[in-house]
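Please look over the chain shown here with its charged side chains in mind.

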Amino acid sequence: MARVLSQPDTREALRAGVDALAGAVIPTLGPLTGPVALEDKNRGGSPELLDDGGTIARRILQLADANADVGAMLLREILWRQRRVYGDGAATAAVLFQTVFTEGQRFISAGGNAMLLRQALEAGTRLLLDHLRQQVRPLETKADKERLAQAVCGDGDIAATLADIFDLLGPHSAIEVRKGGRDLGHEFFLGSYWESTVPSNIVFDGVIGNRIELKDTAWLISDFELDDLNGLVNLVTNTYEAGRGALAIVAKSFSEQIIAAQGANSRMEDFRLVYLEPPGLLDEQEAALEDLALITGGTVLRTITGHKLSSVRRAHLGESELAWVDRNRFGIIAGGGDKTIVEREVEVLEARFSRCDDERQRMVLRARIGRLRGGSAVVYAAGSSESEMQYQTDMINRTIAAMRAALLEGTLPGGGTALLRCRASLRERRADSTDLHERAAWDILRVAAEAPCRALLDNASHAAPGLVIEEITAAGNGVGFDLNAGRLVDTHQQGAVDSAAAVLGAVRNGIGGAALALTVDTIVHRVNPPLAIEPGGLPSDTDIGNIELR
């Protein structure tokens, strides 16, 4: 039988859970903090040390108190979303969530209406976001990029490496992070590359190493399920007679008979036949085919439009002067596509990206822009042990996400300064309002706007946070408090800046999530509930026959 928890017990349970999770995350905010130790029984008693708020939240799967666990999991979902999308700002989102939730509960306990307060908070958040956007500055120089990276990861070598990459390749660049050796390193690659699956390793027989170089290659780009042997023989013959050095076929799948034909071709010394399957979901596969057609000058042949292998003509094929294939990806260095058309498509995709607010669509669009622009990089994480390399890998990926967001949407003064600058407008709105719930919302948001800066000062063990906040408020725009130097500085000159996208995301996620949580009236506990390992999801093998998903 399910257990039901009602008010006022619901309110207290949610607050206990929020406070517990926020208490594990907020200590990571700021440059003068240490890591949080998380117990992990699978590590033989050795705790895991983490300084990333989003990852800390992700590691906490369940609280012992089932009632408090509901509040903790609400916050956990928000913090991991913040970390995954923006790479930074999870601790700020935690501060905002906890502050708004605590202050909002006080008002509701005194007789306020939760739904009306939520509506007022959401309206106030829009004003807060508008004022933050007015403070945004672009991230322009390489030195600016390096300072931002340093602020995110705290590692000078990683900051210099990523600044070098983004300065050369731009915000949409394809960057892969791999585990390396004892020293951090990176390298650049010309052209564009795609993730792919090679349906048979026959093509690598007799090859030294794991990469095949392809010169003067024709490209068949399709969604075919290839099983027409006669059509393949005719296509290979025509391509060979046209003087091509290779034929690369991109298709949905290849039959055993077709793969066997590739084995016969592998004995040819002056011609190579390569099969490639694009991985990923349907939208990723479609994007890969479209980009490949643009770069090679070919045509995407689709079964639904009546195309088949026997109807392929030479005009359908793309071409490349130089390409390569390994077991996990392939790349084109010199494609035969029209560069003007490619540039126009990049402009269209960038415009779509700027208007898009769907996380998955943005990921696909960013991959396409980077691919069509050309150029990519690999960063090799360093460490003396596997766990150390994994730690640095995660840190690099987090910094990459934060830098992408900052390059696209600019930076804001760091240290909570940008939010502090919004308090005057919030105070004015409060004075102009006669509605009880609106006035409460402006008061709550004014306290929330101060909370991240106060948390930073508390984490640095500053003796008088209130005095520092008043000094910052009295100073000019862009002036903040340098915790390392212990004095007021120009945040942009000093490099004490935050990714604008991360701050805006933290405001939306933290305040919006708290406003929604304030309206929760009842908690229903399931009997033997499944454990969600990932925020917002269930394990793939979970039996959901008796679970209602909303």
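What follows describes the salt bridges of this model, pair by pair.

This is a predicted model, in which local features need pLDDT of at least 70 and side-chain atom pairs count only at pLDDT 80 or more, while totals for chains, interfaces and linings use all residues. Residues are numbered from 1 along each chain as its sequence is written, and side-chain values use heavy atoms, with hydrogens and water left out.

**Count and criterion**
- Taking a salt bridge as a side-chain nitrogen of Lys or Arg within 4 Å of a carboxyl oxygen of Asp or Glu, the count comes to 28.

**Arg329 and Glu176**
- Arg329 and Glu176 form a salt bridge with an N to O distance of 3.2 Å.
- Because Arg329 belongs to strand β14 (residues 329-335) and Glu176 to strand β4 (residues 174-179), the pair ties together parts that are 153 residues apart in sequence; helices (H or I, at least four residues) and strands (E, at least two) are DSSP runs, numbered from the N terminus.
- Both Arg329 and Glu176 are buried, meaning under 20% relative accessible area, where exposed is over 50% and partly exposed lies in between (1.4 Å probe, protein chains only).

**Arg371 and Asp291**
- In the salt bridge between Arg371 and Asp291, the closest N and O atoms are 2.7 Å apart.
- Arg371 lies in helix α12 (residues 359-373) and Asp291 in helix α10 (residues 282-296), so this pair ties together parts that are 80 residues apart in sequence.
- Arg371 and Asp291 are both buried.

**Glu450 and Arg423**
- Glu450 and Arg423 form a salt bridge whose closest N and O atoms are 2.8 Å apart.
- Glu450 is buried, as is Arg423.
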